[in-house]
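Trainee: I am new to this structure and would like a close look at one part of it, the nonpolar core and what surrounds it. Could you take me through that part slowly?

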Amino acid sequence: MNMKIRLFIAFIFLQLPLLASANVITVSDAWIRSAPPNAPVLGAFMQLRNNSNSDVKLISANAQGYGRVEIHQSSEDNGVMRMQKQDFAPVAAHQSLNFKPGGWHIMLIRPTKVPTTGAHVPIQLTFDNAPLQTIDFVVKQSNVKTHHHH
Ligand SMILES: [Cu+2]
């Protein structure tokens, strides 16, 4: 093998870990708002960052131990917070979408058991245009008050 080819092969192998870590979508600040033990629903929040040149949609979220998991968006209607199920959450190319109380959230419906503060809940995120990711959401207290009306 000549030197040029050897260097080329070494170069490719050095790049592999970098390529593997460059996710299309970066998920950060993943947390679930703590709730009383009898809570019928829990809200999960996160920041989605699209590192690619293409628009990406979050098309579903799944977690074990819940009757159903949905993508929701809250909005204010005459001073009352309301939320609606969404078919997807759009993350435009090179943009971020922030899931936060009072806005976009993942709704964990009918928990078998409400997780306690500090617990980790894995949630699987499915995208139309990016690999599936399973993210650890940490249960935290929040002093932001929002009232949900279905
Ligand atoms: Cu909701």
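**The nonpolar core and its strands**

Mentor: In the protein chain, 69% of the contacts with a separation of 6 or more are between residues 24 or more positions apart, where two residues are in contact if their C-beta atoms, placed from the backbone, lie within 7 Å. This is a predicted model, in which local features need pLDDT of at least 70 and side-chain atom pairs count only at pLDDT 80 or more, while totals for chains, interfaces and linings use all residues. Residues are numbered from 1 along each chain as its sequence is written.

The protein chain has one helix and ten strands; helices (H or I, at least four residues) and strands (E, at least two) are DSSP runs, numbered from the N terminus. Along the sequence the pattern is α-β-β-β-β-β-β-β-β-β-β. Of the 150 residues of the protein chain, 21% count as buried, a residue being buried if 20 or more other C-beta atoms lie within 10 Å of its own, exposed if 12 or fewer, and partly exposed in between.

Now to the core itself, a nonpolar core being a set of buried Ala, Val, Leu, Ile, Met, Phe, Trp, Tyr and Cys residues joined through C-beta atoms within 7 Å. The largest one has 25 residues, and those that touch the most other members are Leu 42, Ala 44, Leu 58, Ile 106, Ile 123 and Phe 137. Two or more residues each come from strand 1 (25-33), strand 2 (41-50), strand 3 (56-62), strand 6 (89-91), strand 8 (104-111) and strand 9 (120-127), and strand 2 gives the most, with six residues. In soluble globular proteins, nonpolar side chains tend to be buried together.

Phe 137 deserves a look of its own: leaving aside neighbours within four places in sequence, Phe 137 is in contact with Ala 30, Trp 31, Ile 32, Ala 44, Val 121 and Ile 123.

Strand 1 and strand 2 run antiparallel and are joined by six bridges, with Trp 31 opposite Phe 45 in strand 2. Strand 1 also pairs with strand 10 (residues 133-140), here in the parallel sense and over three bridges, and Ile 32 stands opposite Val 139 in strand 10.

Technical notes. Pairing = 2+ DSSP bridges.
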